[in-house]
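Open the model in your viewer and keep the selection tool at hand.

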Amino acid sequence: AQVKDVPTKPFDGQKPGTSGLRKRVKVFQQEHYTENFIQAIFDSVDAKGQTLVIGGDGRFFNPETVQTILKIGSANGVAKFIVGMDGILSTPAASNVIRKYKAYGGILLTASHNPGGPNNDFGIKYNVSNGGPAPENVTNKIYELTKGIKSYKVLEAPPVDLSKVGSFSYGPTKVDIIDSVTDYLTLLESIFDFPLISSFLKSNPNFRVLFDGLHGVTGPYAKSILLDTLKLPANSVQNCEPLPDFGGGHPDPNLTYAHSLVEVVEKEGIQFGAASDGDGDRNMIYGKGAFVTPSDSVAIIADWADCIPYFKKGGVKGLARSMPTSGAIDLVAKAKGLEYFEVPTGWKFFGNLMDAGRLSICGEESFGTGSDHIREKDGVWAVIAWLNIIAAANKESKSGQLIGIKELLLDHYKKYGRSFFSRYDYEEVSSEAAQKMVDALNKHINDQSLIHTKYPSSTGEFEVSKTTNFTYTDPIDGSVSKNQGQIIQFTDGSRVVFRLSGTGSQGATVRMYVERYTKDEGQYEKETNEGLKGLIEVALKISKLTELLQREKPTVIT
Ligand code: VG1
Ligand code: CO
């Protein structure tokens, strides 16, 4: 096979965001667009003679892009590709494969929870050898190179058949097609107490489990673990056939988009419901009458870590959350005397801490939970972690009453207090309007003009105590990330955070995060929106959001 140089011209805006380059499929389908970005990756990371992993969430344009990567990668001297069968690997499974086979890095094809199909989104993300998303110095370099690209290299060879497991030659390059699920199943079996979970499920046949794959990539993973390994009945999974357009849905595990799960859980009174997103790194835990916010979820997993063999053996080294995530996990860290960290939004910031042996369990409010078993958040891991905890809690309990999600939540609040938390998203607003709001807030932060101002609300008065724009200095490599979100704190410990999304494919998305902590037991069973009512009024007032964005209501509330 021959290598050919193809002349090209740069495209604007090939800047990776919070989690890779995400655009409409139509944008990626423009002649040379995808090729340019992939060549820029190879020019940035020098993968000559190395092994790279390729996988994706199976969305529309995934198979074509795998072939593009093989062609350009081989022409750029990659020695070996490890590819998930049919080009499919969940994001956590890909992270595991990179680590397990000591690959140099990997290319993940996903736009996560964004809808798929010819008129929706696609994405390309580069991960480094620790299995985690490339740090900002790498993504910045890729972006710089896209701006000056003049040509890309391709191997002239017929496409590789991705449908058969095995080793193949592709020009000078070796291609290993692997089963998408096996390595991941082996990994989870080494982490959790499967015999304990099994025996709990067996002795409590009325404790029903329902996992909803939302037609994303996790279907085969969930079937293998819940049905084949834990021997649950077939009706314990739904929407577990991956589809290139996710069945027309929005594969995002939250109360708005995972309505298929919520409906069945409520109607059939299912104790344990869960869902994952398009690429399998997010999760939602939701039982009858009991929704676990992701901020609480990671705190509870951290609190119960000892019942999970992986942590019992290796110990818990430290805890962390992204800045907008509620402080529930901080309280667990303090109680256990563990080190804890607050990092910017996006999983890439956890990796350095994990590699340095200072972080074991972490999470984000955006339905991301995980640990140092890999370097991505992990939806199915979180689901099995909860089953492991429930099984352990019931084994310990002497009351004879079944302990489910709700009981665990209330117990946690009794021990640590409760952090009400909610996020309001204003999607696809105009970039200028969003910028105006950011500028106005920055002005307040710079001249400190909000400090000590008081705001009445329907649930009492709030007084501003502190305003900051979040800057993070990585404790391991000293790199500094600025402008990571604007924080307004109040004297009662509540806070509001504003941030612009870095994963949107069009316009700007403003996120408003609200958090209020209470130790008043009378509030532990309250609805979140009630607990946050006054604070939300104040947040909207201070930011003048409705006026500046011209939006009466958020597009999504989580
Ligand atoms: C969002 C979330 C963030 C998450 C990121 C990727 O980013 O807020 O917490 O890490 O998506 O998640 P942003 O910049 O839009 O707020 V996923 O599941 O797309 O890999
Ligand atoms: Co995702």
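A helix here is a DSSP run of H or I with at least four residues, and helices are numbered from the N terminus. By that count, residue Val-380 has its place in helix H14, residues 379–396. Keep in mind that the model is predicted.

**Stop 1: the whole protein**

Show everything as a cartoon. There are 19 helices and 27 strands. The radius of gyration is 23 Å, close to the 24 Å that the globule rule gives for 558 residues, so the protein is as compact as a globular protein of that length. Turn the view along the principal axes: the C-alpha trace spans about 70 × 60 × 40 Å. Of the 558 residues, 53% are buried. Now think about contacts with a sequence separation of 6 or more: 73% of them join residues 24 or more positions apart.

**Stop 2: colour by domain**

Select 2–179 for domain 1, 184–416 for domain 2 and 418–557 for domain 3. How far apart are the C-alpha centres of domain 2 and domain 3? They lie 27 Å apart. The contact between these two domains takes 18 residues from domain 2 and 19 residues from domain 3. On the domain 2 side, select helix H13 (348–355) and helix H15 (405–416); each supplies at least two of the touching residues. Which helix gives the most to that side? H13 does, with three residues. By type, the domain 2 side divides into 10 nonpolar residues, seven polar and one charged.

**Stop 3: a seven-stranded sheet**

Next, find the open sheet with the strand order S2-S6-S5-S3-S4-S9-S8. Its pairing is mixed. Start at the edges, strand S2 (21–24) and strand S8 (166–170), which each pair on one side only. Look down the sheet: the twist averages 20° from one strand to the next.

Zoom in on S2 and its partner, strand S6 (residues 121–127). The two pair in the antiparallel sense over four bridges. Display Arg-24, which stands opposite Asp-121 in S6.

**Stop 4: Val-380**

Go back to H14 and select Val-380. Is Val-380 buried or exposed? A residue is buried if 20 or more other C-beta atoms lie within 10 Å of its own. Val-380 has 26 C-beta neighbours inside 10 Å, so Val-380 counts as buried. Show the residues it touches, leaving out those up to four places away in sequence: Thr-218, Tyr-221, Ala-222, Ile-225, Ser-276 and Gly-280. Then draw a distance from Val-380 to Gly-370. These two are 10 residues apart in sequence and 9.6 Å apart in space, C-alpha to C-alpha.

**Stop 5: helix H12**

Finish with H12, residues 328–336. Its buried residues are Ala-328, Ile-329, Asp-330, Leu-331, Val-332 and Ala-333. What covers them? The cover includes helix H10 (294–303), strands S15 (318–322), S16 (339–343) and S17 (361–364), helix H15 and strand S19 (418–429). H15 is also a helix from Stop 2, where it supplies residues to the side of domain 2 that touches domain 3.

How values were computed
Residues are numbered from 1 along each chain as its sequence is written. Chains are lettered from A and ligands numbered from 1 in the order in which they are written. This is a predicted model: local features need pLDDT of at least 70, side-chain atom pairs count only at pLDDT 80 or more; totals for chains, interfaces and linings use all residues. Domain bounds come from an automatic or database domain assignment. Two residues are in contact if their C-beta atoms, placed from the backbone, lie within 7 Å. Ala, Val, Leu, Ile, Met, Phe, Trp, Tyr, Cys and Pro count as nonpolar, Asp, Glu, Lys and Arg as charged, and the others, Gly among them, as polar. Two strands pair if DSSP finds at least two bridges between them. Axes are lines fitted to C-alpha atoms, for helices over the stretch in contact, and angles run from 0 to 180 degrees between N-to-C directions. The radius of gyration is taken over C-alpha atoms; the globule rule is 2.2 Å times the number of residues to the power 0.38. A residue is buried if 20 or more other C-beta atoms lie within 10 Å of its own, exposed if 12 or fewer, and partly exposed in between; C-beta atoms are placed from the backbone.
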